[in-house]
Amino acid sequence: MARFLAGRLIQAIAIVFVVASLTFILFRLAPGDPFSTMSDFSSASEEFKDQARRNLGLDQPLHTQYFKYLANLVRGDLGMSFSEHRPVLESIGARIPATIVLAAAALLVDFLLGIFVGAHQGAHTGSKGDDALSVLTLTLYSVPVFWLGMMFVLLFASNVGLLGILPATGAKTTAMYEHLTPFGQMWDRIKHLILPAMTLGLAGAAGTARYQRAAMLEVIRQDFVRTARAKGLRERTVLFRHALRNALLPVITLFGLSFPILLSGAVLVEVVFNWPGLGRLVVDSALARDYNVVTGAAIVAAIMVVIGNTIADILYRIVDPRVRLES
Amino acid sequence: MNSTLSVLFTNRRWRYGLALVALFAGLAALAHWVAPYDPTAQLGLSEQWRPPSAAHPFGTDLYGRDVLSRVLYGARVSLVIAVLSVFLSISIGTSVGLAAGYCGGVVDTLTMRTVDAALAIPRVFLLLLVLGLWYGVDVIGLVIILGVTSWFGVSRIVRAEVMAVREREYMLAARSLGVGHGRILLHHVLPNVLAPVTVAATLGMGQIILIEAGLSFLGLGVQEPTASLGRMMSAGGGELLAAPWTTVFPGIVVILIVIGFSLMGDGFRDTLDPRTR
Amino acid sequence: MNPALRVRHLTTSFATEHGTARAVDDVSFDLMPGETLGIVGESGSGKTVTALSILRLVDKPGQISDGSIVEYAGKNLVQLSSRELRQIRGAEIAMIFQEPATSLNPVLTAGTQIAETLRAHQTITRKAARDRAIELLQLVGIPDPSKRVDDYPHQLSGGMQQRVMIAMALSCNPKILIADEPTTALDVTIQAQILELVTDLKQQFGMAMILITHDLGIVAGVTDRVAVMYGGQIVEQTTTQRLFLEPAHPYTKALLRAVPRLDRPVDRLETIPGAVPPATAWPAACRFHPRCPQLMDRCSADPPTLTQTSEDHLARCWLLSECPGSEK
């Protein structure tokens, strides 16, 4: 396990290195530099801009800039945010917890619901219920995630929605939050989390269910399922203990692959629900041409994806004895 | 190829998908004749935010423009962007995959490590990175950016197929007969990758439509007054609550088009691999 | 004496795109207590589907469309509720399969898989079930059973896997054991060991056994009676001894000619020309007639019935009713 983790770590570092290089190349390929396009500086004098470029090292040869950039990256220095006037790592660091909370809640909805629905369908293929759920998951799979969020606002949002039962903006009540009891504060945060997490989670659950259904279908015709029936086990035991346990293995791979999609979706969902996470920061920064923040966020997102993949690999090793006992 | 097509037509999902896609592609292509109004014509403040009625089946928007007409023209923009970007991404992905798989060695390792890294950056972050650096893009620019950031998966599929084909006997035979690299690629490898690439392209259409909608929603995609389906849904919270139809109808059209492409892709994959049925 | 299992007119059909296929067509036989019945045939003859039908294990779109399967206590398995059927499966009638590698669940240990069979049929603690599993592993000849009990299937050899399957099948002292080609997937040296183990344990447990095989060598060594299947039907049924001495059906004769024998010199083995057609395309009338070396006009016109040729000897062939005794 230790050797496996060491290998994964080296792989992760390699990926982050290539990602950083890619972002640097993209940055250099872009027309102009911050001072020729950013509106804040349009009125500044050429002298001032040259001075600013020198300060940021933009006047030095490309390879010098590249090595400097990498050296800074190793130290965790992603540069300064122009719009927030503080180190990029600080800006991003302040936003990451909210995104992780949202992503974790969404993952919970995604996989709990997706696995349950998909496994049920796979065990009863061809039934009316399977057909109806197939139509539902296909539809949900094709819905723009931000549109789904807006429909939830129309339906559930307090004051404005049809049912008016859940808050649909921000991560907590702004005005009275300090006056709530600790339990009240927690409840307030959970209420704010429900709509964004459901939106992001449901969109993912549709894909997971489709995948789980196919995996279940594959497993259910295996010989050992027949053996389990021949032993006189209950159908429920056959399906959950024998079939689903095996059908979960490919879904763990999906879990690892779902992180990029999850984070992409989180950007849109955070904008719809005004969720104070990394996604909204990156959108605001892209609109404000705050390059350092956007590149920094991309690198951080890539690191989160790599971490997600590693978690999935470890899970796989725990669940599948054939892989676990190999090394 | 004819037999492939006739087999496809026996697949229920592929037929339904084709029908959906054909319906909306047809309506979009004929938008000029089908749309009841000019999509950019502002019918005046009195016509602002009219709910659906006989005159305006999908209602009107903030500027009193007919939503149905804008949806039809918007579908056209979204479909054209999707077709062009998918074509671009498939071309790049196929070329890179062919090159990596066929050359092997250092070329293969370098490209595939780069693809791994690119796939680790969530797509929306990657697009924001590019769109944030290039100031304001037109439709062509958007097509290029979408195409250039969407080929990674395809290159992997193609590379895997090439690797598989490379090991087969007829390739060895062809090479030992002194058949040139270009001919081998063209006559032996390309036909084999055609099917999986077609599946990827079909499913990619739906994905690109969703991504373009997302970008336009964020204000980074197609710019006003051009109507793309995503742009129409980006009017913001105020309009969403005051005139939900301006958001609801474009969304439903996006869903139906994407369902169409998903069904076609699934159906095509089923006929290639009957086990998944 | 009541038979341990009485199968009558068993018909199992599969609804396919090309019509309904009767993979098992009007099969009847008795299995007496303590007896070993061999069911022989080429692949595709319907012998495995027959075995699966007895415990109603045929997967959709297949289903038992006719007939009855009555066990020694008088219960008709075809009509049991799924709950009642569960009490029979694994407890009174157990089954072992052809591919031990895929028939064991890869993510559960050998011990778990044996213990859960016990726990499904008996009130027994986890600990007791585990102890019993170790005993059973010992019984089927697995060395160091208290360690092997925690092994996953992929850690065991093919022979060991099949021994685990046998231990699992015997765990609840069944009255009947159905063995579907239990040695086909194993190495030749292991085959004999497993076969010996199964026959020994059959004696020890006093079970009746149905042995499905395509190997007439195994039939000769192990079985008391034999049913030969072709095209989903039983074409000949008699005692093992008589089958080898006086085969009545041309198909049986062809099968026997295709077996290498020690008691006479053979230049080359004969084979049966052609292959078993799929269940959707079985020939009309006699299903063997396109491949039959003794084809007559009548064979392609009317289906022959299973007729008694002598005491305890049934065969399905027009040769027998046309001019009995002429064919020797």
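Author: A helix here is a DSSP run of type H or I with at least four residues, a strand is a run of type E with at least two, and both are numbered from the N terminus. The model is predicted, so local features need pLDDT of at least 70 and side-chain atom pairs count only at pLDDT 80 or more, while totals for chains, interfaces and linings use all residues. Residues are numbered from 1 along each chain as its sequence is written, chains are lettered from A and ligands numbered from 1 in the order in which they are written, and side-chain values use heavy atoms, with hydrogens and water left out.

The helix is H9 of chain A, residues 223-230, and seven of its eight residues are buried. Buried means under 20% relative accessible area, exposed means over 50%, and partly exposed lies in between, with a 1.4 Å probe and protein chains only. The buried residues of H9(A) are Phe224(A), Val225(A), Arg226(A), Thr227(A), Ala228(A), Arg229(A) and Ala230(A). Within chain A they pack against helix H8 (182-220) and helix H10 (235-272). From chain C, they meet helix H1 (47-54), helix H3 (100-103) and helix H7 (158-170). Such contacts are heavy atoms within 4.5 Å. Just after H9(A) comes Gly232(A), with a positive phi of about 85 degrees.

Next, chain B. It has 13 helices and zero strands. Its C-alpha atoms fill a box of roughly 75 × 45 × 30 Å along the principal axes. Of its 277 residues, 51% count as buried. Among contacts in chain B with a separation of 6 or more, 71% join residues 24 or more positions apart.

Now the rings. Rings of Phe, Tyr and Trp (its six-membered ring) pair if their centres lie within 6.5 Å; planes under 30 degrees apart are stacked, over 60 edge-to-face, and the rest tilted. Over all chains this gives 13 aromatic pairs. One of them, Phe58(B) with Phe249(B), is stacked, at 4.1 Å centre to centre and 5 degrees between the planes. Phe58(B) lies in the loop between helix H3 (31-34) and helix H4 (67-103) of chain B, and Phe249(B) in helix H13 (residues 245-272), so the pair ties together parts 191 residues apart in sequence. Phe249(B) is partly exposed, with a relative accessible area of 21%.

In chain C, the rings of Tyr251(C) and Phe288(C) have centres 5.0 Å apart and planes at 65 degrees, so this pair is edge-to-face. Tyr251(C) is in helix H11 (residues 250-257), and Phe288(C) is 37 residues away, in the loop between H11 and strand E10 (307-310) of chain C. Tyr251(C) is buried at 0% relative accessibility, and Phe288(C) is buried at 2%.

Chain A has an aromatic cluster made of Phe24(A), Tyr66(A), Phe67(A) and Tyr69(A).

Rings can also have a charge over them: NZ of Lys or CZ of Arg within 6 Å of the ring centre and within 35 degrees of the ring normal. The charged end of Arg210(A) sits over the ring of Tyr141(A), 4.6 Å from its centre. Likewise, Arg298(C) has its charged end over the ring of Trp318(C), 3.6 Å from the centre.

Last, Gln204(C) lies in helix H8 (residues 188-205) of chain C. Gln204(C) counts as exposed, at 55% relative accessibility.
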